[in-house]
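Colleague: I'd like to go through this model with you, piece by piece. Let's have it up on the screen before we start.

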Amino acid sequence: MSKKARISVRQVTVLMFMSLIGDMLLIYPTMITHIALQDAWISSILSIPLGLIIIYVLIRVHELHPNLTLIEAIRKIMGPVLGTIISCWYLFYFLMNTALIAREVGDFLNTQLFVHTPLRVLLAMGISLMVLTALTGIEAFGRVSEMLLPAYILIFSGLILALLPQVQLSNVRPVLENGLAPVAKGMVPGVAMPFAGMSIMLMVFPYVNKKAHFKKDMLLASLIGGIVISLFLLLSLLVIGPFVTNYSPYISSVLTTKINELNYITRVESLVALTWALAAYFKGVLFFYAFTFGTPQLFRISNSRPFVIPAGAIVFGMTILITPNVFYYVRTLVYPMAAWHYTNGLFIPLLLWVVYLCRRKWKQRQNISTH
């Protein structure tokens, strides 16, 4: 990613929104409902204000060195030794999330659309698309996301309107049947997965043509993204109930089946599936950007293009190894991944903020003592 590359505030707002919902529309309802059952919608709604706090912290950390990416800022704040260690930690995080999202999309397409296509072929095609996108640059990617957003909103709105006749309020009753404990447990991944994972945007923010409303737009995009995934979760519970939501790895396919039952709109599975896969693809591309352009920055290499294709090969290998299937992820890896997201999206940024303030105060005292 060239330092001359620039995207507008509107484009980065769209990228924030698309990457926040990303793969959440594939796995979020099942993941939260497994923990909180019919009260999963409460966990999701309560997660939004906590998530906005994390986004605010990330924006403030970016403002410490607004012209530097996360990898560059870490080395500047923490020093060459500790900064290199933390940067390697983040690069591994970017790599694993790229592979995980690519595998989610591959499994989704393999089970819902291309059932006779080998999974590795779908993974290779998806990762090849990521590689091509990385080679074209962040400016082209930002423009494409801006053009596709209206179509995405139209399809999502149409899905909600088509399913409204099948809403049953009894599916979310009784409310708080098991107390507040399941709701609180559901908030752990409810905050971590969508919001804490947005530390990836600290690799994109330096390339934005800043304006006065940059911070407000980022928080607004995060708020709208949180509302969208909460609405999708609530819709899943109201239409098909907590039991089916809990045991359906890709709830969107079940919802589109419900649309077909109405007999006035049919065969929408492919359109909805490709829309959800596209949203997850946007998030995967951002993580791939961060890995492919963050690694050369760590080693002070000016030209990152030769690294893009080998990075794609590494991601392809990791997609095969990272998880056997989606159920393993939503059942076994939820809390470990949540802890990893909190570490990289909240705890380390807070550490960077504290160290920066301490070093600045120390320099001010040194300057006062010399005078």
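**Helices, core and pocket**

Colleague: In which helix is Ala-124 found?
Modeller: Helices (H or I, at least four residues) and strands (E, at least two) are DSSP runs, numbered from the N terminus. α6 takes in residues 119-136, and that's where Ala-124 belongs: helix α6.

Colleague: Before we go on, what is the average pLDDT of the protein chain?
Modeller: This is a predicted model, with residues numbered from 1 along each chain as its sequence is written. Local features need pLDDT of at least 70 and side-chain atom pairs 80 or more, while totals for chains, interfaces and linings use all residues, and side-chain values use heavy atoms, with hydrogens and water left out. As for pLDDT, the predictor's confidence in each residue from 0 to 100, 95% of the residues score at least 70 and the chain average is 86.

Colleague: Where is confidence lowest?
Modeller: The other end of the range is helix α3 (residues 40-64), which has the highest mean, 93. The lowest mean, 70, belongs to helix α10 (residues 251-261).

Colleague: Is Ala-124 buried, partly exposed or exposed?
Modeller: Buried means under 20% relative accessible area and exposed over 50%, with partly exposed in between (1.4 Å probe, protein chains only). At 30% relative accessible area, Ala-124 is therefore partly exposed.

Colleague: How far is the C-alpha atom of Ala-124 from that of Gly-317?
Modeller: Along the chain, Ala-124 and Gly-317 are 193 residues apart.

Colleague: Which helix gives the largest share of the lining of the largest pocket?
Modeller: A pocket is worked out on a 1 Å grid over the protein atoms alone, as an open set of points with protein on both sides within 12 Å along at least five of seven lines, and lining residues have an atom within 4 Å of a point. There are 17 lining residues, with Val-105, Leu-109, Leu-122, Gly-126 and Leu-129 nearest the centre. α5 (80-112), α6 and α11 each supply at least two residues of the lining, but the largest share, seven residues, comes from α6.

Colleague: Which residues does Phe-141 touch?
Modeller: Contact means heavy atoms within 4.5 Å. Leaving out residues up to four places away in sequence, Phe-141 touches Leu-15, Thr-133, Tyr-281, Phe-282, Val-285, Leu-286 and Tyr-289.

Colleague: Is Gln-11 buried or exposed?
Modeller: Gln-11 sits in helix α1 (residues 9-21). Its contacts, not counting residues up to four places away in sequence, are Gly-142, Arg-143, Ser-145 and Glu-146. Because its relative accessible area is 9%, Gln-11 counts as buried.

Colleague: What is phi of Leu-37?
Modeller: Leu-37 lies in the loop between α2 (24-36) and α3, and is partly exposed at 34% relative accessibility. Its phi is positive, in a residue other than glycine, and is near 55°.

Colleague: Which peptide bond is cis?
Modeller: Look at the loop between α7 (138-163) and α8, where Pro-174 is found. Leu-176 is in that loop too, with a positive phi near 55°. The cis peptide bond, with omega near -5°, runs from Arg-173 to Pro-174.

How values were computed. 1 Å grid on protein atoms, 1.4 Å probe; cavity = no way out; pocket = protein on both sides within 12 Å on 5 of 7 lines; lining within 4 Å.
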